[in-house]
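Student: I would like to go through the terms used for this model and see what each one rests on. Please set each value against its cut-off.

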Amino acid sequence: MTIAATRQGAPASTTTALPATAAPDGTVQYVRIGDLELESGARLPDVTLAYETWGTLNPEATNAVLIEHALTGDTHVTRGASEEPGWWEQLAGPGAPVDTDKYFVVSINILGGCYGSTGPSTAAPDGRPWGSRFPLVTLRDTTAAEARLADALGIRAWHAVLGGSLGGARALEWAVSYPDRVRRCGVFSVGASSTAEQIAFAQAQTLAIRQDPNFNGGDYYGGQQPEAGLALARRIAHITYRSAAELDGRFGRKAQGAEAPLEAGSLAGRGRYQVESYLDHQGNKLVRRFDANSYIAITEALMSHDVTRGRGPLAKALAPATAQFLLAAVDSDRLYFPAQTRALADALPGEVAVHTIEAPIGHDGFLTEIGQLSSQLRQHFFG
C-alpha cells in the first residue's frame, strides 16, 4: 500500500510512501489499498481511499480516533492548516472533546464517494469513469476498506470510532466486524439496521435520480448531469432530516417574498411557499458539490445497514463487540427514531445508556447540537 498527499481534489498521479503525519492537518491525502473483494462477490480493483488527519499519532499508536462522516459529508471534520471550517467543529479540534492536540484524528471519505475515494465518477481500469459499472458496496465493504487504510497508517486499534447517522452505522459496523480494533464506539442517531421505512425514503431518493432524463443509466459523465433528479433526491432527504415543528415554526404557510402561491393564473405559473424555496435551495446547493451516482451508491450502502445479516439475532450479532459504547438519539428525530437507539442499547453487552440530544430541528440535531454530549465524551471517551 502507498500513501500520497495533495491539496487537490483527486489522487496524485504518482504515489509516494509517507509517514502517517507527513501532511499538514486537514489536508486531503490518499492511500491505495489494492483490490477489494465485495460482499456481492464482485472485485473492485486498485481501490483508493481519501482521508484527512489532525494531530500526531503517538509512538504506541494508541491515540487514533476515527470520525465517520454522514451521507453527503466529506473528510473535512474540522479546520486545519488552511483554516477552512469543518463540519463538526463542536466535536473535534484543539481543546474540543476530541482534542486534536492530544489525539490523532482520522476521517475517511467512504468507498463509493466523490471526494477522492474510488467511486462511480473515478476511472475504471479502462480509463473511463465507472458509471453504471460501479458495483454495489455495503457498509461491511466500506469498513473492510477502511481497515486496510488503518493498517497503512500503522493503527492496530482505534482509541475510538464515532459518527452520526450513516457515520454512526459505519462506527457500529467497525465495532462488530473488528471488535479487537475498536476500544470505544460512539453511535449517534442511528439504529442497528435500516428499517423498511428508511429504505422506502431512500428508494424514493435514488429513483428520483434514476428517472432524470439526463441520468443515462448512470453513464452521464461528459454530458448533461442529472441535476434535477439529484436536487429532488436532496429535497426528499432534507424533509426527513428536519422535524415538522422546525419546518412549521420557521416557515409556516408564508409565501416566498413577493411570490403568491394562490394568485397565479395557472398551476404552471404559481409562486412558492417559503418552505418550497428552502427545499429548492438545499437541492441546488448539493448539486454544485456532489455526484449523483455517488449519492445512489452511498444511499444503497446505508440501505444495506444491518448488523444482524449473517450473524443471527441482534444480541448474538452484537455479542462479539468489546468496545465501550456511547449512544445518543435526537429527541425530535423522525428519520431514525430514538426507540431504535434504545433497542440497540438493550441488545449490546452490558449496561449501555442512551443519551438524549434535545434539538427541535430533528435528525440534523446530531450535527448541530453535538456539544450537548461534551461532558459525556470527555468523561467516558476522551478524559
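Student: Why is R170 called buried?

Tutor: R170 has a relative accessible area of 0%. Buried means under 20%, exposed over 50% and partly exposed in between, with a 1.4 Å probe and protein chains only, so R170 counts as buried. The model is predicted: local features need pLDDT of at least 70 and side-chain atom pairs pLDDT 80 or more, while totals for chains, interfaces and linings use all residues. Residues are numbered from 1 along each chain as its sequence is written, and side-chain values use heavy atoms, leaving out hydrogens and water.

Student: What makes the pair of R170 and E146 a polar contact?

Tutor: Their side chains make this contact at 2.5 Å. The limit is 3.5 Å between N or O atoms, where within protein one must be able to donate a hydrogen and the other to accept it; residues adjacent in sequence count only if both atoms are side-chain atoms.

Student: Which helix holds R170?

Tutor: R170 lies in α2, residues 166-177. Helices are DSSP runs of H or I, at least four residues, numbered from the N terminus.

Student: Why are α1 and α2 called roughly perpendicular?

Tutor: The axes of α1 (residues 139-153) and α2 come within 10 Å and cross at roughly 70°. Axes are lines fitted to C-alpha atoms over the stretch in contact, with angles from 0 to 180 degrees between N-to-C directions. Under 35 degrees is roughly parallel, over 145 roughly antiparallel, 65 to 115 roughly perpendicular and the rest oblique, so α1 is roughly perpendicular to α2. Residues making the contact (heavy atoms within 4.5 Å) include T143 and E146 of α1 and R170 and W174 of α2.

Key: Helices (H or I, at least four residues) and strands (E, at least two) are DSSP runs, numbered from the N terminus.
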